[in-house]
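Let's learn to read a structure together, one feature at a time. Have a look at the model, then follow the questions.

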Amino acid sequence: GSFTCGACPSGFTGTGATGCTDVDECATSNGGCDALSSCTNTSGSFTCGACPSGYTGDGVTCTDIDECATDNGQCTQGCTNTDGGHTCTCDVGYTLDANGRSCSDVDECAANNGGCEQICNNTTGAYACSCGSGFALDVDARSCTDVDECATNNGGCAAGVACENQPGPSRCGACRTRYAGDAVTRTDVDECATDNA
């Protein structure tokens, strides 16, 4: 001649006699879903959404995917893993292309001659300064200093010929002259005309 009300099922709250109310599990600690996942309350339960792009897991747990571990993240040079993604990087002397993956050589000589005083030579991933004929590269690897070629072996000029140092290559001067005859009728003797004396 009597009855009893049972307890509310899991996912509901109440006495059974006065009714059962759905518990919103998502209201507390995201329902136990990973912070990167969504929580959706359902009648008597809840579901965790999928992990976002760049992560793997069931929604309860989401783990970052290291894109750099597979095919270097499709980067042609450096790859840096980040939370939920990755970035491609380039070595010194290269710049990242618009596609965000490949790298192109930087022509350092295109701007201000690369800081070189005379000649700038672009190379793959770098550049080097050099000097024109008659100049030597200074220790700063950018400036050029005139070389005094006359200081060594008379600058390659023949014996008796003056070596004239000037910016760049030196030059050999005229042969020294002697004169024949007396003070009135003296004439120049051109020693260069005979065996380049």
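Q: How much accessible surface does the protein have, and what share belongs to carbon and sulfur atoms?
A: Accessible areas come from the Shrake-Rupley method with a 1.4 Å probe, and for residues only the protein chains shown count as cover. Here the accessible surface comes to about 12,500 Å², and carbon and sulfur atoms hold 51% of that.

Q: What kind of model is this, and what rules apply to it?
A: It is a predicted model, where local features need pLDDT of at least 70, side-chain atom pairs count only at pLDDT 80 or more, and totals for chains, interfaces and linings use all residues. Residues are numbered from 1 along each chain as its sequence is written, and side-chain values use heavy atoms, with hydrogens and water left out.

Q: What is the mean pLDDT of the protein?
A: pLDDT is the predictor's confidence in each residue, from 0 to 100. The mean for this protein is 87, with 88% of the residues at 70 or more. Take care with residues 179-186, where pLDDT stays under 50.

Q: How many helices and strands are there?
A: Both are DSSP runs numbered from the N terminus: helices are H or I with at least four residues, strands are E with at least two. This protein has 18 strands and zero helices.

Q: What share of the residues is buried?
A: Buried means under 20% relative accessible area, exposed means over 50%, and partly exposed lies in between (1.4 Å probe, protein chains only). Of the 197 residues, 22% are buried.

Q: How many disulfides does the structure hold?
A: A disulfide is a covalent bond between the sulfur atoms of two cysteines. The cut-off used is a pair of cysteine sulfur atoms within 2.5 Å. The structure holds 12 disulfides.

Q: Where do C68 and C79 lie in the chain?
A: C68 sits in the loop between β6 (62-64) and β7 (78-82), while C79 is in strand β7, so their pair ties together parts 11 residues apart in sequence. Their sulfurs are 2.0 Å apart. The torsion about this S-S bond is about -80 degrees, so the disulfide is left-handed.

Q: Is C157 buried or exposed, and what about C172?
A: C157 counts as buried at 9% relative accessibility, whereas C172, at 42%, is partly exposed. A disulfide joins these two, with an S to S distance of 1.9 Å.

Note on methods
Contact means heavy atoms within 4.5 Å.
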